[in-house]
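Take a walk through this structure, one stop at a time.

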Amino acid sequence: MTQILLGAISLGILWSIMTIGVYITYRILDIADLSVEGTLPLGAAVACSMIVKGANPYLASFCALLVGCLAGLCTGVLHTKLKIPALLSGILTMIALYSINLRIMGAPNLSILRMNTVFRPLTRAGMTGSVAIIVVGGICALVVITLLYWFFGTELGSAIRATGNNQKMVRAQGINTDTMKILGLVISNGLVGLSGAMIAQSQNFADVQMGTGSIVIGLASLIIGEVLVGGKGFYRRLVALILGAVVYRLIIALVLELGMNPNDLKLFTAITVALALWLPQGKELLRTFKKSLAKEGK
Amino acid sequence: MLQVENLTKVFNRGTVNEKTALSAVSLRLDPGDFITVIGGNGAGKSTLLNSVAGVFPVDGGRILLDGHDVTRLSEHRRAQYLGRVFQDPMMGTAADMNIEENLALAYRRGQHRTLKWGVTGAERAKYKELLRELDLGLENRMTDKVGLLSGGQRQALTLLMATLKAPKLLLLDEHTAALDPKTAAKVLSLTQKLIEENHLTTLMVTHNMHDAIRLGNRLIMMNEGKIAVEISGAQKQSLHRADLIALFEKSGGALENDRMLLS
Ligand SMILES: Nc1ncnc2c1ncn2[C@@H]1O[C@H](COP(=O)(O)OP(=O)(O)OP(=O)(O)O)[C@@H](O)[C@H]1O
Ligand SMILES: [Mg+2]
């Protein structure tokens with residue numbers, strides 16, 4: 001039981017970095033960016049193919065982040081310069097990355113079993129796999145949210161936040177909204193690439209399919225976090241994302257434990273997210289419904 | 001300060017919906033000029049202001065701001081010269097950001113955004129002082145989200161933002177039209193105060209003839225994409241609504257059913 005719990009927590013922490021990336025596009029920029037479905041395996045592919053060649057796993061993970069940034073740049077340019085709708089731009093990048101990921105790995109999947117990973121120093125020191133992942137992943141997630149907390153408080157970060165709010169106003173303040181959107185997409189996809197690299201190292205392989213449905217997982221984690229940790233404060237909201245990603249994994253572990261067919265998981269997640277996204281309108285609907293009932297009662 | 005030469009703007013060129021919104025409009029504002037702009041619906045007033053702001057490319061003519069040809073400059077590059085307030089109170093601010101963050105964005109208008117703090121302590125004190133002068137109680141709500149403010153409060157804040165870094169030209173497009181009469185009057189007197197204090201060159205569109213006559217040192221009336229009437233100086237001081245309507249009709253404009261008459 002502890003094993004399952006620890007496993008779920010560790011996976012949640014690695015996915016939380018991806019969730020933070022989704023938060024930047026979905027909540028801050030107000031863009032649903034599907035390129036992450038390709039960027040996650042991209043990060044995994046880059047890291048694993050470097051590790052296979054004997055590269056330092058920390059360097060490999062950093063390269064995964066940089067290449068993720070490049071993918072975000074692609075989506076950003078498609079969207080802002082070629083004026084392709086954001087959703088479609090993301091899909092185009094995602095599809096293109098499928099081929100690119102296959103090229104990078106040379107096969108649909110790539111094993112790094114028994115090779116060096118970012119978690120290896122800790123497991124060698126005697127920690128179990130899950131604990132090592134929680135420690136390294138946790139440190140990484142904390143560094144990421146601290147950096148983002150700082151960044152979104154700067155002039156540049158404020159400009160990005162405002163762009164997601166009111167582009168007309170932002171342009172009137174002399175800010176290039178295209179550049180801000182590109183920058184947001186670059187940061188977001190960089191984080192997703194890093195997340196993919198860490199996930200791959202935790203499971204000892206990269207798979208070209210591992211990004212499928214990841215946007216929905218990211219959204220589910222994001223919403224869970226927001227529901228659990230309400231209230232103001234940007235740091236609070238970032239911490240909520242980590243919590244949300246972990247709780248999501250715990251829920252998944254629970255329903256599997258209760259006997260759900262693993263093949264049904266994605267359906268389960270999709271329905272949950274659809275309900276959660278509908279929740280605000282649903283509440284409103286319920287309220288008006290109750291009101292009209294009360295009126296009829298009189 | 002602003003020089004507009006033969007400005008032409010055609011929407012949907014080559015389609016059945018082709019519409020010449022501006023046809024060869026020329027206008028010159030000297031430093032300190034405060035021009036009020038009136039005209040019927042669809043006369044081209046907003047198009048004139050939006051062309052100057054660079055919201056869309058124009059089809060002919062030139063725009064010079066402070067001696068620089070900005071005709072081909074993108075909207076965000078032109079912003080360094082301009083302060084703008086829109087008709088919709090939602091348009092001028094970022095709703096999910098707080099009051100001081102909005103002011104800080106405006107305070108850096110035309111500057112490169114760097115990795116320095118978005119709002120500094122010294123700025124906060126300055127903003128607090130300026131907000132206190134608005135007398136809307138906003139000085140105690142600096143960390144409240146702008147989305148929580150009323151339309152009038154938002155419009156007053158947008159005005160402050162537009163003038164925080166003195167613009168070469170202030171563009172006001174019916175910025176009180178969406179407010180109730182009492183709030184509109186308040187925002188208008190604030191507008192007057194800010195323009196006088198900062199000696200701002202201003203182009204203000206309004207549907208209220210009385211305001212158009214009362215405010216500013218020059219008045220233009222637009223009709224079908226052209227400047228139909230232009231009045232300034234002493235002639236403007238002694239102007240009455242009836243004179244204005246007569247002038248407008250003489251120039252070929254039709255005023256039936258127009259919002260302008262109702263105000
Ligand atoms: N983006 C656009 N696309 C197509 N036509 C437009 C566009 N903007 C304005 N027009 C047309 O150009 C003409 C001038 O519009 P404009 O908005 O400048 O009028 P206005 O004088 O500001 O009127 P109002 O008093 O109603 O605000 C109108 O016929 C309008 O329908
Ligand atoms: Mg208009």
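Helices (H or I, at least four residues) and strands (E, at least two) are DSSP runs, numbered from the N terminus. This is a predicted model, in which local features need pLDDT of at least 70 and side-chain atom pairs count only at pLDDT 80 or more, while totals for chains, interfaces and linings use all residues. Residues are numbered from 1 along each chain as its sequence is written, chains are lettered from A and ligands numbered from 1 in the order in which they are written, and side-chain values use heavy atoms, with hydrogens and water left out.

Start in chain A. Val36(A) belongs to helix 2, residues 36-52 of that chain. Is Val36(A) buried or exposed? Buried means under 20% relative accessible area, exposed means over 50%, and partly exposed is in between (1.4 Å probe, protein chains only). Val36(A) has 0% relative accessibility, so it counts as buried. Contact means heavy atoms within 4.5 Å. Setting aside neighbours within four places in sequence, Val36(A) is in contact with Met18(A), Pro41(A), Asn189(A), Val192(A), Ser214(A) and Ile215(A). Val36(A) and Gly196(A) are 160 residues apart in sequence, yet their C-alpha atoms are 9.8 Å apart in space.

Now the contact between the chains. Chain A brings 20 residues to it and chain B brings 28 residues. The size of an interface is often given as the accessible area lost when the parts come together. Here buried area is the accessible area (1.4 Å probe) that two parts lose on being put together, summed over both. Between chain A and chain B that area is about 2400 Å², and carbon and sulfur atoms give 59% of it. On the chain A side, Glu155(A), Lys168(A) and Gln173(A) lose the most area to chain B, together 29% of what that side buries.

The rule finds three salt bridges across the interface of chain A and chain B. One of them joins the side chains of Arg108(B) and Glu155(A), at 2.7 Å from N to O. A polar contact is a pair of N or O atoms within 3.5 Å; within protein, one must be able to donate a hydrogen and the other to accept it, and residues adjacent in sequence count only if both atoms are side-chain atoms. Between chain A and chain B, 13 residue pairs are in polar contact, with both residues at pLDDT 80 or more.

Which helices of chain A supply at least two residues each to the side that touches chain B? They are helix 6 (129-151), helix 7 (155-165) and helix 8 (167-172). Helix 7 of chain A gives the most, with seven residues. By class, this side of chain A has eight nonpolar, eight polar and four charged residues. Ala, Val, Leu, Ile, Met, Phe, Trp, Tyr, Cys and Pro count as nonpolar, Asp, Glu, Lys and Arg as charged, and the others, Gly among them, as polar.

From chain B, look at His76(B). It is found in helix 2 (residues 75-78) of chain B. His76(B) is buried, with a relative accessible area of 17%. Not counting residues up to four places away in sequence, His76(B) touches Arg171(A), Gly174(A), Ile175(A) and Asn176(A).

Next come the aromatic rings. A pair of aromatic rings is described by the distance of the centres and the angle of the planes. Rings of Phe, Tyr and Trp (its six-membered ring) pair if their centres lie within 6.5 Å; planes under 30 degrees apart count as stacked, over 60 as edge-to-face and the rest as tilted. Over all chains, the structure holds eight aromatic pairs. Phe11(B) and Phe56(B) have ring centres 5.4 Å apart and planes at 85°, so the pair is edge-to-face. Phe11(B) lies in strand 1 (residues 2-11) of chain B, and Phe56(B) in the loop between helix 1 (45-53) and strand 4 (60-65), so the pair ties together parts that are 45 residues apart in sequence. Phe11(B) counts as partly exposed, at 28% relative accessibility. Phe56(B) is buried, at 17%.

Tyr107(B) and Tyr127(B) are also edge-to-face, because their ring centres lie 6.0 Å apart and their planes stand at 85°. Tyr127(B) is buried, with a relative accessible area of 1%. Its side chain makes a polar contact with the side chain of Glu123(B), at 2.7 Å. Glu123(B) is found in helix 4 of chain B and counts as buried, at 6% relative accessibility. Chain A has a cluster of linked ring pairs, made of Tyr23(A), Tyr149(A), Trp150(A), Phe151(A), Phe152(A), Phe234(A) and Tyr235(A).

End at Gly152(B), in helix 5 (residues 151-164) of chain B. Gly152(B) is buried, with a relative accessible area of 10%. Gly152(B) and Pro89(B) are 63 residues apart along the chain, and their C-alpha atoms are separated by 7.5 Å.

Definitions and conventions
A salt bridge is a side-chain nitrogen of Lys or Arg within 4 Å of a carboxyl oxygen of Asp or Glu.
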